[in-house]
Amino acid sequence: MLTKTKVSKEVEIISGVTCNKCGEKQSHDEALFVERAEDVPFTGLSVHYHAGYYSKELVDMTIYSFSICEKCLVELFGTFKIKLEEQDGFNLTRSKFDTNGW
Ligand SMILES: [Zn+2]
């Protein structure tokens, strides 16, 4: 028979995400019991970019992490020389390579 004892464990949770570009924080009214940044319901973009051996502009083998809010993403998209592709998220099963449709 196992003898069980209840213990309290202190954990670090993520309570918000701050946009690295504008500094605005998207926080949540109630504490989110998530430990991984990718599980936070953030409406912007969170990136962990690992620069490779042949990186010319960044430091080799360095991981860059940042978050950008939706407002700053729209501004960033506006600076693109080549328009980004947009796809209807409800029709993700369709692609230009799918000849059968649904
Ligand atoms: Zn921002």
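Colleague: Before we look at the chain, where do you draw the line for a buried residue?

Modeller: A residue is buried if 20 or more other C-beta atoms lie within 10 Å of its own, and exposed if 12 or fewer do. Keep in mind that we are reading a predicted model. Of the 102 residues in the protein chain, buried ones make up 4%.

Colleague: Thanks, that helps. Which elements does the protein chain have, and in what order do they run?

Modeller: The secondary structure comes to one helix and four strands. Starting at the N terminus, the order is β-β-β-β-α.

Colleague: And what share of the contacts joins residues at least 24 apart?

Modeller: Taking contacts between residues at least 6 apart in sequence, 36% join residues at least 24 apart.

Colleague: Let's turn to the strands. How does strand 3 run relative to strand 4, parallel or antiparallel?

Modeller: Strands 3 and 4 run antiparallel, and six bridges join them.

Colleague: How many of the six residues in strand 3 are buried?

Modeller: The count is zero, so strand 3 is hardly covered.

Colleague: Then let me try strand 4. Is Ile 68 buried or exposed, and why?

Modeller: Ile 68, which is found in strand 4, is buried because 20 other C-beta atoms lie within 10 Å. Leaving aside neighbours within four places in sequence, Ile 68 is in contact with Cys 19, Asn 20, Lys 21, Gly 44, Leu 45, Leu 73 and Leu 76.

Colleague: Now a backbone matter. What should I expect of phi in general?

Modeller: Most residues other than glycine have a negative phi. Here, look at Met 61: its phi is near 60°, a positive value in a residue other than glycine.

Colleague: Where is Met 61 found, and is Met 61 buried or exposed?

Modeller: Met 61 is in the loop between strand 3 (45-50) and strand 4 (63-68). Met 61 counts as exposed, because it has 10 C-beta neighbours inside 10 Å.

Colleague: One last residue, please. Which residues is Ser 27 in contact with, leaving aside neighbours within four places in sequence?

Modeller: Those contacts are Ser 15 and Gly 16. Ser 27 has its place in strand 2 (residues 25-27). With 11 other C-beta atoms within 10 Å, Ser 27 is exposed. For a distance to check on screen, take Ser 27 and Ile 14, 13 residues apart along the chain, with their C-alpha atoms separated by 9.2 Å.

Methods
Residues numbered from 1 in each chain as written. Predicted model: local features only at pLDDT ≥ 70, side-chain atom pairs only at ≥ 80, totals over all residues. Helix = DSSP H or I, 4+ residues; strand = E, 2+ residues; numbered from the N terminus. Contact = placed C-beta atoms within 7 Å. Pairing = 2+ DSSP bridges.
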